[in-house]
Amino acid sequence: MSPNIKNRDQFLDIAKGLAIILVILGHTFQGLSENFDDLIGFRVIYSFHMPLFIFISGMVFSVTLKKTALEQTQIHSLFTLYLTRIYRSFIRLIIPFSAWTIIGYFLNKRYEEGKIWEFEPLLTFFVKVIRSPDWSLWFLVCVFYCICALSLIEFCCAILRLKFNIKKKYVFEITLILLSIYISSILHGIGIRTGGYGVGFLMSYFIYFTLGYIVAGPIIKSILKKSITYFSILIFICLVPFWHRTSPHHLSLTTPEFIVPYLNNNLFGGFLALLGSLTVMLLVEFFSNRPNWILSKFLARCGVLSLGIYAIHFYFLVYKPPVLGPLIISVLITLIIQKIPILRVVLLGEPSRSKVAVSDTHPIRG
């Protein structure tokens, strides 16, 4: 793709660039030791990196909409808008998810000798992935479900707005937050997690997508300018050593006893994820204010290519130097894919034309 960068929001591109690098860094830590959960680097990154990516996806989804339900005056127009939105999201997310699942099946079959799925039929494996998307690029499915859920809530709110002539936008935003929390609690209550065809991802991540959708644009930049935001860095640094991926409530078993009563609840992991995300957004603000720096441009380019990097980097994690090696290789392969129209559509979910306007940007890669 050769997008017109002048028409893009570099803040969001840099945010996605930093997020995808954190994903690679986290996977690199994961490959360093069988006891990777005890590595402080792994714990720091995994405490927030996927909520951060979901949060950014919500921001991108918000600012790239040509029109929203709040601007529509006819129910028929609303229905058409949401059908179109979900259809386009399916093309841009589920088609690449399916394509990379098939590619991953054959690559893993070839390079992971001895694994049980080497002898598993493709159709059987594909059905298993559909039922539990965490066997593949689950993040794409998660964002698709978030878009569908948010669109449904937005559609219902818009109908109520038309019926009762509600003009205050904050009413929609408050309703959206409350419903996202309610959906998460229901899914938690019935025990749906990564199974259930991936619907369980809404339990963990829909609230982050919703918050990103609401604060996108000037709001997040205004938040980052407040001095209290910097205090979040200190709180994050103090609390993140107590986070552990596999422990109940993500609270490490080595946490001092006098702290446990204050942190041992379902809010600890989510609170820490928001603090970590806010910390990274401060870095995003720093680089976006220096758009001519080479590093800023590189981060923005990684953000534009983030879907391809996400899908490809797994196969090159052993390459040196760590993180940078798989990142550069993934960038180069993604650039090659972009030059081939059919691969652009199938593997990256991008339109086959060479230029993409800001309104057509992808919730993941932009």
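**Note on the salt bridges**

1. The structure holds 3 salt bridges, a salt bridge being a side-chain nitrogen of Lys or Arg within 4 Å of a carboxyl oxygen of Asp or Glu. This is a predicted model, in which local features need pLDDT of at least 70 and side-chain atom pairs count only at pLDDT 80 or more, while totals for chains, interfaces and linings use all residues. Residues are numbered from 1 along each chain as its sequence is written, and side-chain values use heavy atoms, with hydrogens and water left out.

2. Aspartate 13 pairs with lysine 16 in a salt bridge whose closest N and O atoms are 3.6 Å apart. Both residues lie in helix 1 (residues 10–30), 3 residues apart, or about one turn of the helix; helices (H or I, at least four residues) are DSSP runs numbered from the N terminus. Aspartate 13 counts as buried at 3% relative accessibility, and lysine 16 counts as buried at 1%, where buried means under 20% relative accessible area, exposed over 50%, and partly exposed in between (1.4 Å probe, protein chains only).

3. Arginine 245 forms a salt bridge with aspartate 37, and their closest N and O atoms are 2.8 Å apart. This pair links distant parts of the chain, 208 residues apart: arginine 245 sits in the loop between helix 10 (228–239) and helix 11 (260–263), and aspartate 37 in the loop between helix 1 and helix 2 (40–46). Arginine 245 is partly exposed, with a relative accessible area of 34%, whereas aspartate 37 is buried at 12%.

4. Glutamate 350 forms a salt bridge with arginine 344, with the closest N and O atoms 3.5 Å apart. Glutamate 350 is buried, its relative accessible area being 3%, and arginine 344 counts as buried at 2%.

Methods
Helix = DSSP H or I, 4+ residues; strand = E, 2+ residues; numbered from the N terminus.
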